[in-house]
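Welcome! Please take a moment to look over the sequence and the model shown here, and then read on for a short tour.

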Amino acid sequence: MLEPIMFTGGVYKHDVVMELVEDLGGYILQKNITQSEVILLFLVPSEDLPAMQDLVKELRGELTRAPLAGTEVAVVTPTLAIHHLPHVACDIAEYLRRNGAKSNMIGLARGVGREISQINEYETMLINEHDSAVFIFGNFAECIRKKENLYRNINVPVVIAGGPDINKKDLPYAFEYVPSVGRIAHRSRKATELVTLDRIIAAIGRALDRTRAEITKDPLTTSPPRVMDAVREQVPEVEYSYSPLPIALNLTGIRIKLPYEKYKDKTQEVRFDEGVTLKEIAVIKPSRMKDYISVRILPSSETGFVF
Amino acid sequence: MEPLEVFKVEVTGDEEFGSKKYRELIMDILQDLGLIRSIGHLYVYIDIKKPVFAVYGLIRTNIPPLNVQDIGDVLKLDGVYQIKLNNEEHMEQLLKILWQTYGRERIEQPARDVLIVVSDKSPAELEVVDVKAEFRQDLTDALIRVAPEGFRNRRNEMTENSFLFMAAEETLTPELIYEIKEKIRSMENA
């Protein structure tokens with residue numbers, strides 16, 4: 001089993017860590033260099049973890065488990081106005097990032113109000129491209145109960161963060177409800193506030209575990225990191241994308257940050273060692289996010305094989 | 001003087017948490033905008049079933065306007081006056097008022113924070129900033145920030161020493177406004 005790990009250390013000799021990941025048959029998910037520090041997110045086989053730990057100890061780096069690595073989580077607020085941003089939404093997004101997830105902040109166009117809140121089809125489909133979503137609501141139980149129309153049609157598990165204590169039974173369409181968040185006009189720095197952030201992360205972790213369990217019932221033809229590696233090798237233009245993360249990993253596929261029209265053919269023809277091309281094992285379509293390419297890997301029940 | 005001598009928040013229905021949180025939220029926002037010391041009494045009424053949000057407050061008056069001598073040191077030199085600014089925040093308004101009073105040709109700026117007025121008349125007493133108008137702007141901004149976001153129908157009644165801000169999702173009818181005013185009055189008299 002591949003273990004999601006985050007390496008934090010100096011730039012000097014970090015390429016040795018990257019080489020070891022590749023030698024062990026793992027995958028580098030993300031590399032961030034900030035001045036003299038480097039943060040690497042990668043997957044390595046759990047049985048080879050001691051080898052990695054020895055090397056990192058030698059380099060005076062730090063290894064932490066990143067349970068959400070390789071997933072994309074949407075942090076949704078009713079709008080992008082000052083009422084919801086920056087404090088709560090940014091704190092949650094940052095916390096998700098620290099745990100290895102790629103978080104995207106989404107502000108709905110007309111998500112405000114108790115009676116008038118609405119979500120449109122485009123927004124719903126954009127959120128559906130993620131692995132899970134956190135909806136941040138306010139301080140009144142009545143409003144939170146009423147606003148379930150915003151996430152009723154969303155297929156991915158939705159964690160609701162709000163202020164008051166509400167029984168989960170009152171929110172049948174939510175995966176979980178985390179109280180003590182709501183509207184806050186300051187940064188989360190008190191111990192109780194940080195515990196709440198941890199609870200959101202734990203809820204997201206459970207949501208993702210459920211999705212993973214569903215996937216194991218009908219496994220994907222191949223794993224998303226493997227597709228990512230093949231695309232990176234055979235569509236080298238992706239390295240020139242201005243995005244900090246040119247290929248975003250999901251549990252069921254990847255999003256390539258290149259224009260769809262220009263690169264769809266090249267992406268479809270990506271070939272694996274087993275002789276199959278990407279178009280045979282995945283649905284390649286325009287992503288709802290900008291003009292990116294969305295790749296959804298088909299389950300083995302549809303292709304008839306796993307590699 | 002203590003900020004907010006009276007601060008009451010009333011929320012209808014079973015919304016104890018919301019009431020407590022709104023108290024914190026209002027304090028945070030008023031503190032952020034530096035308004036907390038200028039407000040004496042504050043009554044907040046929220047009815048989430050209607051839904052409507054109202055804030056009534058008493059403003060601590062006697063905020064004097066800022067004169068030239070409040071924002072810098074005025075020195076009389078040989079036939080001219082020199083103004084040395086302590087901070088440049090009000091430079092734009094100061095220049096505008098000096099140009100208006102003395103004319104552009106009589107104002108010089110030898111350094112970033114120094115102005116020379118070529119005149120015998122002292123500029124020390126000239127009013128540079130109407131702090132009251134600035135305060136009202138900041139207060140309205142704070143009230144819009146405090147109100148729940150979807151409440152887009154707003155009404156703000158400001159007098160010399162009080163303000164009443166109402167916001168609702170639906171139209172603010174005269175009946176609703178009357179009802180809110182009655183409610184605030186009863187809170188004030190309680």
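A polar contact is a pair of N or O atoms within 3.5 Å; within protein, one of the two must be able to donate a hydrogen and the other to accept it, and residues adjacent in sequence count only if both atoms are side-chain atoms. With that rule in hand, 17 residue pairs are found in polar contact across the interface of chain B and chain A, both residues of a pair being at pLDDT 80 or more. Please keep in mind that this is a predicted model.

**Where the chains meet**

The side of chain B that touches chain A draws on α1 (16-32) and α4 (131-146) of chain B, the elements that give two or more residues to it. Of these, α1(B) supplies the largest share, with 9 residues.

In total, chain B brings 24 residues to the contact and chain A brings 22 residues. About 2,000 Å² is buried between chain B and chain A, and carbon and sulfur atoms account for 58% of it. On the chain B side, the residues that lose the most area to chain A are B:Phe17, B:Glu149 and B:Glu169, which together make up 29% of what that side buries.

How many salt bridges link chain B and chain A? The count is 1 salt bridge. In a salt bridge, the side chain of B:Lys49 meets that of A:Glu142, with 3.5 Å from N to O.

**Salt bridges within the chains**

Over all chains, a search of the whole structure finds 35 salt bridges.

| Chain | Salt bridge | N to O distance |
|---|---|---|
| A | A:Glu94 and A:Arg98 | 3.3 Å |
| A | A:Arg212 and A:Asp209 | 3.0 Å |
| B | B:Lys21 and B:Glu24 | 3.3 Å |

Let us take them in turn. A:Glu94 and A:Arg98 sit 4 residues apart in helix α3 (residues 87-98) of chain A, so about one helical turn separates them. A:Glu94 is partly exposed, with a relative accessible area of 29%, whereas A:Arg98 is exposed at 54%.

The next pair belongs to helix α6 (residues 191-217) of chain A, where A:Arg212 and A:Asp209 are 3 residues apart, about one turn of the helix. A:Arg212 counts as partly exposed at 29% relative accessibility, and A:Asp209 counts as partly exposed at 44%.

In chain B, helix α1 holds both B:Lys21 and B:Glu24, with 3 residues, about one turn of the helix, between their positions. Is B:Lys21 buried or exposed? Its relative accessibility is 13%, so B:Lys21 counts as buried, the cut-off for buried being under 20%. B:Glu24, at 32%, counts as partly exposed.

Some salt bridges share partners, and in this way A:Arg114, A:Glu115, A:Glu142, A:Lys146 and B:Lys49 are joined into one network.

**The domains of chain B**

To finish, here is how chain B is divided. Its domain assignment gives domain 1 (6-62 + 131-189) and domain 2 (66-129). The C-alpha centres of domain 1 and domain 2 of chain B lie 39 Å apart.

Methods:
Residues numbered from 1 in each chain as written. Chains lettered and ligands numbered in written order. Predicted model: local features only at pLDDT ≥ 70, side-chain atom pairs only at ≥ 80, totals over all residues. Heavy atoms only, no water. Contact = heavy atoms within 4.5 Å. Buried area = accessible area lost by both parts, 1.4 Å probe. Salt bridge = Lys/Arg side-chain N within 4 Å of Asp/Glu carboxyl O. Domains from an automatic or database assignment. Buried < 20%, exposed > 50% of the residue type's maximum accessible area, 1.4 Å probe, protein only.
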